[in-house]
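Student: I would like to learn how to read a few features of a protein model. Could you take me through them one at a time?

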Amino acid sequence: MEASVRNYPILAATAAAAAVALASTTVDAFTMPQPSLSLRNQIPSSSSALGAIAMGPEVKDKDDDEAAAATDGAYVVVKDPDDPYYMKQPYNPERTILGEDGQPKTHITDMDPYRTTRMSNSDRAADAWFKTLLEGPDGEIEDSFLGAISEEHKERLLSKVELVDEPVMIYGEDEEWTPYVTRRLPTSPLYPAYGLETYGLPVLRRGAEAWRHFDVNGLIAQDYSMTPEGIGSDVELEEERKEGVITSLKEKGAWLDDELCAARLVYVNGRFCPGLSKQTDDVKNLDSSDFEAGLDEKTLEYLARLPDGFTDKLAAEVPDESKEMALTSLEKLSGPDHSVGKATSQFALNNQQGTAAFAALNSVKAGCVAYVEAQEGVVEEKPVLIITAQTPSGGKISGSDDEDDKGVAMHPRTLAVANDGSVLSLVQMCADLDENSDDGPCATLVNGYTQIYVGSKANMTHSFLDESGGSVTSRVEMSDDAAAEDPTLTETPRATEAKRPALRNNNFQAIDVHITGDDGSYSTSLMELGGNGRSRLAITTSLLRPGAFCSINGFALSGGAQRSDMRTCIHHIAQGTTSRQEQRNMVGGRSTASFRGRIRVEQSAQQTESEQLSRTILLSDHGRIMATPSLEIIADDVVCTHGATVSDLSEEELFYLRSRGLDRTTSRNLLMYAFVEEIGNSVDKTIAGEFDDEKGLRSRIIKRLENLVPEGDKALVGGEFQSS
């Protein structure tokens with residue numbers, strides 16, 4: 001007997017609508033357009049235009065109980081050739097589709113030959129670039145240091161996504177049935193989601209939502225396949241060298257003496273420096289020997305998690321009053337109609353931050369882990385400081401001449417756990433060392449991954465400051481003609497900025513936060529102040545238990561020819577959770593900045609309160625900002641707001657200050673700092689320093705703002721005031 005698949009919707013549409021649908025092009029997330037298809041002896045699937053016009057519930061044949069059914073892969077196979085639904089199934093081998101030449105088209109069952117056919121030259125270059133990061137200049141993956149975690153994530157990267165059709169659900173029987181499905185035509189291939197053609201986790205793509213507005217082509221044009229010398233081992237410093245490093249870090253405000261901090265972990269070029277660190281039983285460096293000796297299961301479970309939903313199991317069970325069982329799967333939240341689905345689906349990828357592949361790469365390449373834990377009920381009044389420092393050479397191993405142009409990649413890793421009832425302040429800082437050394441500057445890629453877990457009634461405050469990459473060149477917005485007329489300049493500021501070595505540097509940071517206990521609280525201040533050519537900070541916070549609270553304050557400063565990107569995701573999963581977010585951006589010179597803030601409120605997260613606001617000041621006509629706050633609300637009992645503003649410095653406020661005797665530059669600087677101060681005040685006071693401290697955070701911010709303050713008066717151009 002011949003077999004067919006039972007499970008198709010009853011389509012209630014007019015004959016005219018059906019004719020339009022049959023003549024239209026069918027497109028879904030996985031298929032390319034199929035023009036002018038003639039269909040015979042079948043009813044269109046729910047992914048066709050006809051299904052979108054009028055689609056009833058999928059039903060099974062009334063004689064199902066009498067039919068002998070068996071499971072064939074993902075589909076229900078009916079062995080009765082007289083079944084009335086025999087010719088109406090999506091992948092029935094006898095379903096005939098005619099091509100433009102009037103001849104039947106061949107059904108496609110082997111998808112692998114089509115896996116990479118949609119890739120552009122840029123996509124292939126991105127995969128080749130990522131391969132050099134993973135395998136290094138020798139083309140082989142070197143020994144890893146995180147034991148089973150490294151092996152697990154390496155396997156996840158190298159295992160390609162399986163190309164299989166989604167299972168066909170039966171209405172009334174399958175709890176996961178939903179009308180919102182996509183089906184390919186049997187004559188069309190099934191493609192992997194964008195970025196998953198070569199690896200098991202999505203690699204960066206120029207046109208992907210996660211990398212939109214980012215300089216992907218500029219990034220992959222530089223090779224970062226080299227490794228810091230001695231990675232996986234500690235850095236031993238002589239006493240004189242120690243004093244020099246401490247003095248340098250103090251000058252940058254990136255140091256706390258022993259009496260001012262509970263603990264301190266210092267890393268130089270990705271290697272742990274015990275001579276500069278202050279370790280305790282709960283704050284320490286984990287190296288390969290710790291992984292070989294064996295860590296507890298909870299710690300390994302934490303380290304094994306991947307962001308962007310690629311670890312489907314939630315970090316804590318989520319109670320749901322509408323269901324008898326607790327929620328444990330990320331892909332099934334608010335399902336089946338409003339769930340995001342599998343992390344490898346195109347729909348899910350469009351809402352991700354693009355950090356999963358880099359997090360797995362971190363696990364494979366990291367030499368050690370900065371481990372911070374606050375024991376249950378412990379209230380730590382002093383902060384824990386983690387310093388990630390890099391030298392101009394990045395610790396690059398000197399090699400042959402053909403490796404001179406290759407950059408070096410570093411992969412700092414941090415795990416912080418605040419157990420039930422504890423209080424912890426964590427400070428992370430990125431800083432430069434030995435800027436004036438004789439070592440030639442080397443292009444660097446810092447790929448950081450921080451994992452944070454907050455327990456019941458625990459309170460964690462987190463300050464992250466990136467001040468690496470030096471300072472950008474001022475007055476880059478100046479035109480070439482104006483620069484030629486300035487006798488103080490030997491070359492244009494644009495030319496000077498283009499030669500700045502740090503413009504080839506990149507600082508990528510992924511922060512993955514899970515509030516796993518009732519009434520847990522997490523507050524963070526994120527400040528991107530550095531001069532690296534490209535910076536990207538992505539943070540995801542999951543509120544998994546009732547009463548969880550999250551606050552995110554962010555500030556991004558960009559100037560010169562920088563490209564900066566800040567992405568946030570606040571995921572309300574449990575009932576009665578609260579979040580507050582304020583993002584401020586300041587864009588000068590000829591830089592480009594982007595901010596994407598996503599808040600998702602699941603069906604289980606009733607009584608959620610959430611606020612989000614993005615504010616941006618453009619200091620230059622040549623600066624660009626893309627600010628996208630977004631809300632996705634599935635629950636129906638919430639209080640949520642979001643908004644975004646973009647403006648120049650207020651001309652009225654400038655006039656008021658100048659009428660009180662302040663000059664133009666001072667007035668602008670005063671307004672610029674007032675814009676930043678509110679975010680700066682949320683940084684841990686110990687690391688921020690006193691108000692009048694010359695090396696404190698306030699003074700350092702003012703110095704960087706002075707470097708970007710626009711010059712000249714405003715000119716009326718096109719009916720609008722523009723900075724000149």
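Tutor: What follows is a walk through strands, helix packing, salt bridges and some backbone details. Keep in mind that this is a predicted model.

Student: Which strands pair with β14?

Tutor: Strand β8 (residues 263-268) pairs with β14 in the parallel sense over 6 bridges. Strand β17 (residues 423-432) also runs parallel to β14, joined to it by 7 bridges.

Student: Now helices. At what angle do α3 and α10 pack?

Tutor: Angles under 35 degrees count as roughly parallel. Helix α3 (residues 121-135) and helix α10 (residues 356-365) pack at about 25°, with their axes 10 Å apart. That angle makes α3 roughly parallel to α10. On the α3 side the contact is made by W129, F130, L133 and L134, and on the α10 side by A357, F358, L361, V364 and K365. By class, that contact has 8 nonpolar, no polar and 1 charged residues.

Student: How many salt bridges does the model have?

Tutor: The rule asks for a side-chain nitrogen of Lys or Arg within 4 Å of a carboxyl oxygen of Asp or Glu. By this rule the count comes to 28 salt bridges. Take R205 and D123, whose closest N and O atoms are 3.6 Å apart. R205 lies in the loop between α4 (148-158) and α5 (216-220) and D123 in helix α3, so the pair ties together parts that are 82 residues apart in sequence.

Student: Are R205 and D123 buried or exposed?

Tutor: R205 is buried at 0% relative accessibility, and D123 is buried at 2%. These residues belong to a network of salt bridges that links D123, D127, E197 and R205.

Student: What about the salt bridge of D519 with K457?

Tutor: There the closest N and O atoms are 3.4 Å apart. The pair links distant parts of the chain, with D519 in the loop between β20 and β21 and K457 in the loop between β18 (444-454) and β19 (459-466), 62 residues apart. D519 is partly exposed at 40% relative accessibility, whereas K457 is exposed at 56%.

Student: Which peptide bond is cis?

Tutor: The bond from G335 to P336 is cis, with omega near 0°. P336 is in the loop between β12 (327-329) and α9 (346-349).

Student: Last, which residues does I511 contact beyond its sequence neighbours?

Tutor: I511 is in strand β20 and is buried, with a relative accessible area of 3%. Leaving aside neighbours within four places in sequence, its contacts include T450, I452, H462, Y522 and L526.

Notes:
Residues are numbered from 1 along each chain as its sequence is written. This is a predicted model: local features need pLDDT of at least 70, side-chain atom pairs count only at pLDDT 80 or more; totals for chains, interfaces and linings use all residues. Side-chain values use heavy atoms; hydrogens and water are left out. Helices (H or I, at least four residues) and strands (E, at least two) are DSSP runs, numbered from the N terminus. Buried means under 20% relative accessible area, exposed over 50%, partly exposed in between (1.4 Å probe, protein chains only). Contact means heavy atoms within 4.5 Å. Axes are lines fitted to C-alpha atoms, for helices over the stretch in contact, and angles run from 0 to 180 degrees between N-to-C directions. Angles under 35 degrees count as roughly parallel, over 145 as roughly antiparallel, 65 to 115 as roughly perpendicular and the rest as oblique. Ala, Val, Leu, Ile, Met, Phe, Trp, Tyr, Cys and Pro count as nonpolar, Asp, Glu, Lys and Arg as charged, and the others, Gly among them, as polar. Two strands pair if DSSP finds at least two bridges between them.
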